[in-house]
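Hi,

Here is the structure I promised to pass on. Have a look at it first, and then read my notes below.

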Amino acid sequence: MAVAMYDAMNTNNSRAQKYLSIMALGFAGGSIYLIPFIRYVFYTWQADAMMITNQQLGILSTMYAIGNTLLYIPGGIVSDKFSTKKCLLFSLMSTTVLTFMFAMRVNSYSLALVIWLLFAFTTTFLFWCALMKTIRMLGSESEQGFLFGLYYMGNGLSGALINTIALKFTSEGASAVSNFKVGVYVYGASTLVAFILIFFFVKDTRGSEEAEDEKFRFNQVGALLRNPALWLFSAIVFTGYALFSSASYLTPYLTDVVGLSPTQSGYLSIVRSYIFYIFSPISGIIADKVFKSTSKWFMLLYVILTLLYIGIILIPSSVSSGFIGLYSLLPGLFGLALYGIIFSVASEAKIPVALMGTAVGIVSIVGYSSDFFAPALFGRWIDNAEKAGSLTLGYNKIFIFLAICCIVGLVASALIFRNTKRKAKEC
């Protein structure tokens, strides 16, 4: 009986450690990417405080994107070869230092260009792949969906909380420089808090504890690149991220086409972008416990999203704007149910844990490549449609593109599911 009680206590402690780790990782992920994308919340204040043009502001993001693309794979190899916890800690502390450096010289555009390039090193090279691998290692193969869903819930809620605090401390009567600096300092403080949380709550699993077959070897990378499942995994991340990121176009659609006020569409955007993150763990539980397969659950989600985007195009103009506004929440809900657990499919794709960081690096290059062309392409469609006097046509092209993404993701998920079933029968 004493032994049983001891085992139960150890199990409870292990479970508590796991969830504390996930929430610490969620806060870290929700804070570290705020500063490179500070324009999302402080766009006007940033341009005014730095005294730069919109084009120059965009160049900062371009520098960051270029650095990320070059560093995804090297960062994955580093996270597989060295301690993921140390990678996370160094990332958070170096991002904090860079953030405070920028806060003290916000008027130096040349310094900002250098810092934004360095952010690629601190938030991608050492952080992103190490983060995904750490989450993967926290639980068994049967709970990957729930763990990734829980992480993304913590990520979204942390981002919402930090931005709320940053805006709370700004003043309508203050200058753009002071308001912008407030945001920068709050972001810097958040990554410092994240450093402390990771230090205390995330266990370092590398070293003597690591099984021999879980250690990274460079000669395994070739086999990984030849694995078709890696590229199916990449297709799922590409389509899932495209659906997640492009849902933002529903906001101007509701304003420019449907006729909602910017305030109304803004509130709906907050629900789509942040509040729906709370459903990510539920999506993970559905994948793990109901379907017992992430890819099978993804197949259903892709079908639903295909129908939803086709449905937007087919909605009659006589339908009330309020109904269309509520309808627009559905692609956000199911899109986040998909994106919130998207990296959990790595387990079903049989990506070895020892190569998870490298795999995430490769997959991220493909998966996030839509950032290079989709915004410009969508913008061109909208601009051309506006010139032609039919904005609806421009947005319909976007929705058709997203419906096609759903079909591609459906096929990739079906192939992973088929391969999983075939391998299960062989065993």
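This is a predicted model: local features need pLDDT of at least 70, side-chain atom pairs count only at pLDDT 80 or more; totals for chains, interfaces and linings use all residues.

A word on the labels before anything else: helices are DSSP runs of H or I at least four residues long, and they are numbered from the N terminus.

First, the overall picture. The protein chain has 19 helices and 0 strands. Its radius of gyration is 22 Å, close to the 22 Å that the globule rule gives for 427 residues, so the chain is as compact as a globular protein of that length. The C-alpha trace spans about 70 × 50 × 45 Å along its principal axes. As for burial, 51% of the 427 residues are buried.

Now the charged pairs. Side chains of opposite charge can pair when their charged atoms come close. How many salt bridges does a search of the whole structure find? It finds 2.

One of them joins E143 to K18, with the closest N and O atoms 2.9 Å apart. This pair links distant parts of the chain: E143 is in the loop between α5 (109-138) and α6 (144-168), while K18 is in helix α1 (residues 2-32), 125 residues apart. Are these two residues buried or exposed? Both E143 and K18 are buried.

The other salt bridge is between K133 and D80, and here the closest N and O atoms are 2.9 Å apart. This one also links distant parts of the chain, with K133 in helix α5 and D80 in helix α3 (residues 54-81), 53 residues apart. K133 and D80 are both buried.

Helix α1 has another residue to look at, G26. With a relative accessibility of 0%, G26 counts as buried. G26 and L150 are 124 residues apart in sequence, yet their C-alpha atoms are 7.9 Å apart in space.

Next, some helix packing. Two packed helices are described by the angle between their axes and the distance between the axes. For helix α4 (residues 84-104) and α5, the angle is about 155° and the axes are 8 Å apart. Angles over 145 degrees count as roughly antiparallel, so that is how α4 and α5 run relative to each other. The crossing of α4 past α5 is left-handed. Sorted by class, the contact between α4 and α5 has 18 nonpolar, 8 polar and 1 charged residues.

After α10 comes G259, which has a positive phi, near 105°.

Last, some backbone angles to check on your screen. Which phi does M51 have? It is positive, about 55°, although M51 is not a glycine. M51 counts as exposed, at 65% relative accessibility. K292 is not a glycine either, and its phi is positive at about 50°. You will find K292 in the loop between α12 (280-290) and α13 (294-314). With a relative accessible area of 66%, K292 is exposed.

Cheers

Conventions. Residues are numbered from 1 along each chain as its sequence is written. Side-chain values use heavy atoms; hydrogens and water are left out. A salt bridge is a side-chain nitrogen of Lys or Arg within 4 Å of a carboxyl oxygen of Asp or Glu. Helices (H or I, at least four residues) and strands (E, at least two) are DSSP runs, numbered from the N terminus. Buried means under 20% relative accessible area, exposed over 50%, partly exposed in between (1.4 Å probe, protein chains only). Axes are lines fitted to C-alpha atoms, for helices over the stretch in contact, and angles run from 0 to 180 degrees between N-to-C directions. Angles under 35 degrees count as roughly parallel, over 145 as roughly antiparallel, 65 to 115 as roughly perpendicular and the rest as oblique. A crossing is left-handed if the near helix is turned anticlockwise from the far one by less than a right angle, and right-handed if clockwise. Ala, Val, Leu, Ile, Met, Phe, Trp, Tyr, Cys and Pro count as nonpolar, Asp, Glu, Lys and Arg as charged, and the others, Gly among them, as polar. The radius of gyration is taken over C-alpha atoms; the globule rule is 2.2 Å times the number of residues to the power 0.38.
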